[in-house]
Amino acid sequence: MTTLNRRSLMKAVGAAATLSLVGTTAHAADKVKIGFIFLGPIGDYGWTWAHNKGREAIDAALGDKVETIYVENVAEDASAIPLIRDLAQQGCKLIFTCSYGYMDQTLAVAAEFPDVKFEHCTGFKRTDNVATYNSKFHEGRAVLGTIAGKMSKSGSLGYLGSYKVPEVVLGVNAFTLAAQKQNPAATVKLVLIDSWFDPPKEAAATETLINLGCDIVTTHTDSPGPLQILEQKGLYGFGQGADMSAFAPTAHLTAIEDIWGPYYVQRAQAIVDGTWTSTDTWDGMKEGTVVIAPYNAAIPADVVALADAVQAGYKDGSYDIFTGPIFDQDGVEKVKAGEIMTLEQLATIDWFVKGVESAS
Amino acid sequence: MRIKLEKRSVPSTFMLIATPIASVLLTMLIGVIVFDAIGIDGQRAVVDIFLTPILASYKWQDVAVKAAPLIIIALGLSIGNRAQIWNIGAEGQYVLGALFAAGVGIAAGPTGGPFTLILMILAGIVGGAAWAAIPAFLKTRWDVNEILTSLMLTYVSFQVLGFLVGGPWKDPNGRNFPATAPLPESLTLPILFQGTTVHLGVAIALILPFVFWVLMSKSVFGFQIRVVGSAPHAARHGGFDAKQTIWMALLIGGGMAGLAGALEFTGSLKAINLGFPSGYGFSAIIVAFLGRLNPIGCLIAGFVLAVTYVGGQVAQTTVHIPNSTAGIFQAMMLFFILASDILIRYRVRFIPKKTANSTEAHI
Amino acid sequence: MSPEFIIASIVTIIGLTTPILLAGLGELITEKSGVLNLGVEGMMLMGAISGFVITALTFNPWLGVIGAAAGGALSSMLFAVLVLQLNSNQVATGLALSIFGTGLSSLIGVSFTGRIVPQFGSIFPDVLAKDPIWKLFFGYSPLVYFALIMVPLTAWFLKSTRAGLILRAVGENDHSAHSIGYSVTGVRYAAIAFGGAMAGIGGAYFSMVITPMWAEKMTAGRGWIALALVVFAGWRTGRLLAGAYFFGFLMWLELFAKANGFGPSLPFIQAIPSQFWAAMPYVMTVVALTLISSRGNVGASAPACLGKPFLPST
């Protein structure tokens, strides 16, 4: 045992001699390095999992020209700065920071490395070397709302969210409006649990919504916990961010899949070609960023047809769930008949539509 | 053969200094073996966690910025621990310090200058001390266990933070995300070296240990703290007021944690969001013990812990271990240091047969 | 409110309560022996990952529960050796155990993230377990009944058995217990191991019952609530049960107030920010502890030796 210990220690010390070069050497000479900062573990089967799929898409498409590296579990606080900087120091030419909470950190590091390009997901602050990109998740929510509105027997739908931020508010509103198109009396009970990830609380909130009569619950938090509860109760729900059917084969009607691959490959290609510019991209179903996972066999054919129609409408531009008239919770008309909400309005929305029952 | 422990007549200075160093080395060694055993490149992980941040010069600024709050909080905690007052709520006092500083900053508006900034830092100290005053009051008034109250108040502080940054103090231009508005440039701490993130708080963290060292070794207060901790009965006879000591220990501990929170806010983060409580208050307890409750020891130990934090992040990119793995190493260091405490006061003897009049340890 | 809704809500509250009740019972015994183990969160996470891994490998949840108990107890032994053998500081050692358990469970869990195991749910036929009325009695995981049985057993053990008497004696006056020939260290080892095992089972309730999956830090701070619970209960078994349900009720009330929206609502509850509810268990624990410490007549007190090392020769 002693020998082993000593040998291991010696090896460790020996390895130390080579390590200071980490980050300073440009290995794999000609390949362009691309870095990723991830919020959760790549195995979360949700948000980060989907971003990692996008990273893998770059490897698959441009593997001969680029090399990708990533960091998982990066907290959305100042501790992200050294990690982002670390990727830049390791020679990355393009760095994706894949969560809203990295906004100011990304800008701070970008200012230090004017030659490195940055892509910040879901943010709104841009500079010459910081681009932003987002996905119209709410288009997917409109499909889910269509299915839920048609399939719900009680007309009472549950929605489990994290915080009252625009992304969540848009999802809730799109889901509610779409459900009301199928069932004008449909209402949505909303619980915001003040956390993106708290499986026991997500589970208890889902149960509470079910107890209050919701027979379909959709979630905008990160764990598959709520789906497992729905599976146990024999009710239906949807996956969030990725196909979560493995966690709840019966309850999982479909899911909004975040497909980042096409955008990531396009941006990586731009770096390789030297054509990258700072842009603000907000893609959706049309561009293939928002994809609806395979339907569960439990969805009747007529409902599938309705859901497909919404998808087709988004793809050819003939459908937008945020077309007036839209009323807020107090019955005030926020969008006049025939008008469509602008992207700027969507990006800053902070009110819920009529039919959303919530305390906040 | 039996292993015997004999009480030393004087605590061993050699062991006092050698054991923390041995603890760090032993942690590294066991880290290599354990990580190898579970199929992760152990040497690479340990090297990245413990050595890369020291050897790679571009990591130094990260280490310094991480070390600053750890050192400052640990200084305050060691005073309390020496007096046998167990404030484990430094995390909450750190949060309150930052919130008080933010409160002053918000009240002063965006036009504030250096004077406002100084007020914010002072408010941070007051905030931390005020949060620690609750356990102090309860302890001195009704002898309520300060370990439990200070810990519980930490979890209350997280909710206070959540309420403020998600409600009244939410950045109006922040698209509803729960966070305060970023501080204007004029209200942030100056940067010491252009082009780095090393702010004034790091300098404060480097100076304070020496202030505390003088305070502890030269002043009557320092003597009082040490006497109350080591011999409470003697302290009472010597005319030292136990209640006053409790108050001082907790207020200093809270004030330092509050200072650290205010410095971290104004120097490093510049906005408070839900991720603000990042465990410095708990890690500082490790720092205080690893530093043997000595101010200069805290300075060194603060850097050691900071290295493991920064190194843990390096290991994330290289061997892809979860962020919390650095916690395994930090906890192991604390385990070893606590285990080796006994070597300071006792001498280990390998004795062939049983002798009387010595304390047995069942090792 | 229909009876079905009330029953369903009770079932939800029991789900919220059971893990903190399990861990709280374990910590109660540990603290009664005079040892303060702040490592509950770490032990729960070690139990959660152990239970999940064993279930995933053996497909037998009963073995999983045993694995969870073993995982919790083994990690508690780290703490026990340090504080009992080497007289290390209990507060710091317990804290280290929490940090250690969080890190180690994350590391072990890396290769198990995204996997699921069958839920360790009710063992009764669905006719009873899923019936809107009968599920009040039959709709739970075996761990719920286990927790409820352990409450009177723990009370009986502490009050009426010789072993329980010794345990309390060790916690109240270790020197006297030592002088009449009891092994203070031995008793405390057993108490710490029991605390670890119960915390481990409590943790497994998250990874095997509520959401049968593994996720890093999935206990989300419930270990600290369990710790608060023991203090809130004034180290009394009956009050621990009541306190656990009270804490569970508070957690449920927040969600209910939010979900119930503009329906037949409780507007004054909705106006209260959710952080208030989340802070309540901790605030009430401080208040309860103050009451216990300030007044002799509330029928509860901390074990006299709580948190103090036992040094027979000095």
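In this predicted model, 10 residues of domain 1 of chain A are in contact with 13 residues of domain 2 of chain A. The domain assignment places domain 1 at residues 27-135, while domain 2 is made of two stretches, 137-259 and 289-357. Taken over C-alpha atoms, the centres of these two domains of chain A lie 29 Å apart. On the side of domain 1 of chain A that touches domain 2, helix H2 (residues 47-62) of chain A gives the most, with three residues. Sorted by class, that side of domain 1 of chain A holds five nonpolar residues, four polar residues and one charged residue.

Chain A also contains an open sheet. Six strands of chain A form this sheet, with parallel pairing, in the order E2-E1-E3-E4-E5-E11. Strand E2 (66-71) and strand E11 (280-283) of chain A each have a single partner strand, so each stands at an edge and has one side without a neighbour in the sheet. On average, and with direction ignored, neighbouring strands of the sheet are turned by 20° against each other.

One pairing within the sheet can be followed in detail. Strand E1 (residues 32-37) of chain A runs parallel to strand E3 (residues 92-97) of chain A, and five bridges join them. At A:Ile37, the bridge partner in E3(A) is A:Thr97.

Helix H4 (residues 103-112) of chain A touches E3, strand E4 (117-121) and strand E5 (130-135) of chain A. The direction of H4 makes about 175° with that of E4(A). Helix H9 (residues 261-273) of chain A also packs on the sheet, where H9 touches E1, E2, E3, E4, E5 and E11 of chain A. The angle between the direction of H9 and that of E3(A) is about 155°.

Next come the contacts between chains, starting with chain B and chain A. Here 36 residues of chain B meet 37 residues of chain A. On the side of chain B that touches chain A, the elements giving two or more residues are helix H1 (13-37), helix H2 (42-50), helix H3 (52-55), helix H11 (242-269) and helix H13 (295-319) of chain B. This side of chain B has 18 nonpolar, 14 polar and four charged residues.

Chain B also touches chain C, in a contact that takes 39 residues from chain B and 39 residues from chain C. On the chain B side of that contact, two or more residues come from each of helix H6 (114-142), helix H7 (146-166), helix H12 (280-290) and helix H14 (325-345) of chain B. The largest share, 11 residues, is given by H14(B). By class, the side of chain B that touches chain C consists of 26 nonpolar, 11 polar and two charged residues.

Chain C itself has 14 helices and zero strands. The C-alpha trace of chain C spans about 65 × 50 × 35 Å along its principal axes. A compact globule of 314 residues would have a radius of gyration near 20 Å, and the 20 Å of chain C agrees with this. Of the 314 residues in chain C, 57% are buried. Among contacts in chain C between residues at least 6 apart in sequence, 78% join residues that are at least 24 apart.

Conventions: Residues are numbered from 1 along each chain as its sequence is written. Chains are lettered from A and ligands numbered from 1 in the order in which they are written. This is a predicted model: local features need pLDDT of at least 70, side-chain atom pairs count only at pLDDT 80 or more; totals for chains, interfaces and linings use all residues. Domain bounds come from an automatic or database domain assignment. Two residues are in contact if their C-beta atoms, placed from the backbone, lie within 7 Å. Helices (H or I, at least four residues) and strands (E, at least two) are DSSP runs, numbered from the N terminus. Ala, Val, Leu, Ile, Met, Phe, Trp, Tyr, Cys and Pro count as nonpolar, Asp, Glu, Lys and Arg as charged, and the others, Gly among them, as polar. Two strands pair if DSSP finds at least two bridges between them. Axes are lines fitted to C-alpha atoms, for helices over the stretch in contact, and angles run from 0 to 180 degrees between N-to-C directions. The radius of gyration is taken over C-alpha atoms; the globule rule is 2.2 Å times the number of residues to the power 0.38. A residue is buried if 20 or more other C-beta atoms lie within 10 Å of its own, exposed if 12 or fewer, and partly exposed in between; C-beta atoms are placed from the backbone.
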